[in-house]
Amino acid sequence: MDTIDLSGQVAVVTGAGRGLGREYAKVLATNRALLIINDNAYNEDGTSLASETAREIEDMGGCAIVNTDDISTRDGCRNLIETVENNFGFVDIFIHNAGFILEKDFLDHDDFDWNKMLDIHLNASYYLLKGIIPLMMKKKYGRIVMVTSTDGMFGLEKQAGYAAAKMGVFGLVQVIKQEFQDMDIKCNLISPLAATQQTKNALQGILVEKLSPEKAAPIIGYLCSPQCRHNGKVFLAAGGYFSCIGFCQGEGVFIPNEQLTAQSVYNKIDRITDFTYANPISSSRQTAK
């Protein structure tokens, strides 16, 4: 089996100052990628979290450039792209990990909360991919990993803004995977569960140890490698456990025109909602029968 080797490849990781982002960056550095570390957070003493990650990577013998732009803004995204262009002129790997969780009842959300979620998770995805993908097209190669969440796919109370934004990222990836697959630009998603700054209140005791960020990060090495053959997939990663999450469509029922009424649909609703013979769906074109 081929050995994963990212020597000479340029990788951009957002939100890489701590937690999962830092571990993703370290996995890539371990496999010899050249890193651009983005994070706009600072410690209380004024030191940059991105600088700390870069220093750790350099101590490992790797190469890391620091970027502290706020990518929840269009200008911040543009500045990060310029950092890539000025230092390398191209990019092979992009991981958009930056973001945060807001726990609030749906009716307590206000416009500021809602837009803040969209800005960092979904709008930043749009602005960054608009800049990153043309740089990948220069080499007709690229590996993109976006972060989604089971909160968006399956729902969780008090997570309306976060869930909506993360499901928006999922939809964006399903389009990207099809539009650029002929250039060997693959775009996948990771849905991680780890004990980080964001989740420390929800995960306590033994879970904090079992779900440490470094136990979710190794799959990034595969998703960012030339060996990656998957595209548009969602990978769950938690505590050393990895799986693939998919959507499926039930066998369904066809109702002839002469019988097509609300009552006839109701009469067959059990068969319509039966997933016994469900088929995986990887494109909206598959849903038409």
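The model is predicted: local features need pLDDT of at least 70, side-chain atom pairs count only at pLDDT 80 or more, and totals for chains, interfaces and linings use all residues. Residues are numbered from 1 along each chain as its sequence is written, and side-chain values use heavy atoms, with hydrogens and water left out.

Helices (H or I, at least four residues) and strands (E, at least two) are DSSP runs, numbered from the N terminus. Helix 1 (residues 19–30) has 12 residues, and its first and last C-alpha atoms lie 17 Å apart, close to the 16 Å expected at 1.5 Å a residue. The expected span of a helix is 1.5 Å times one less than its number of residues. Because 10 of its 12 residues are buried, helix 1 is largely enclosed by the rest of the structure; buried means under 20% relative accessible area, exposed over 50%, and partly exposed in between (1.4 Å probe, protein chains only). Among the buried residues are L20, Y24 and L28. The buried residues of helix 1 pack against several elements, including strand 1 (10–14), strand 2 (34–38), helix 2 and helix 8 (219–223). After helix 1 comes R32, with a positive phi near 80°.

Helix 6 (residues 160–179) has 20 residues, which should span 28 Å at 1.5 Å a residue; its end C-alpha atoms are 29 Å apart, in agreement with that value. Buried residues of helix 6 include Y162, F170 and I176. Among the elements that cover its buried residues are helix 4 (111–137), strand 5 (142–147) and strand 6.

T53 belongs to helix 2 (residues 49–59). T53 counts as buried because its relative accessibility is 0%. The T53 side chain reaches the backbone oxygen of G17 at 3.3 Å. Setting aside neighbours within four places in sequence, T53 is in contact (heavy atoms within 4.5 Å) with A16, G17, R18, R22, A25 and I37. One of these, R22, is among the buried residues of helix 1.

How many disulfides does a search of the whole structure find? It finds zero, a disulfide being a pair of cysteine sulfur atoms within 2.5 Å. For C77, the closest cysteine sulfur, in C187, is 15 Å away and therefore too far for a bond. C77 is buried, at 1% relative accessibility. For C248, the closest cysteine sulfur belongs to C244, 13 Å away, which is also too far for a bond. C248 is partly exposed, with a relative accessible area of 43%.

Notes:
A polar contact is a pair of N or O atoms within 3.5 Å; within protein, one must be able to donate a hydrogen and the other to accept it, and residues adjacent in sequence count only if both atoms are side-chain atoms.
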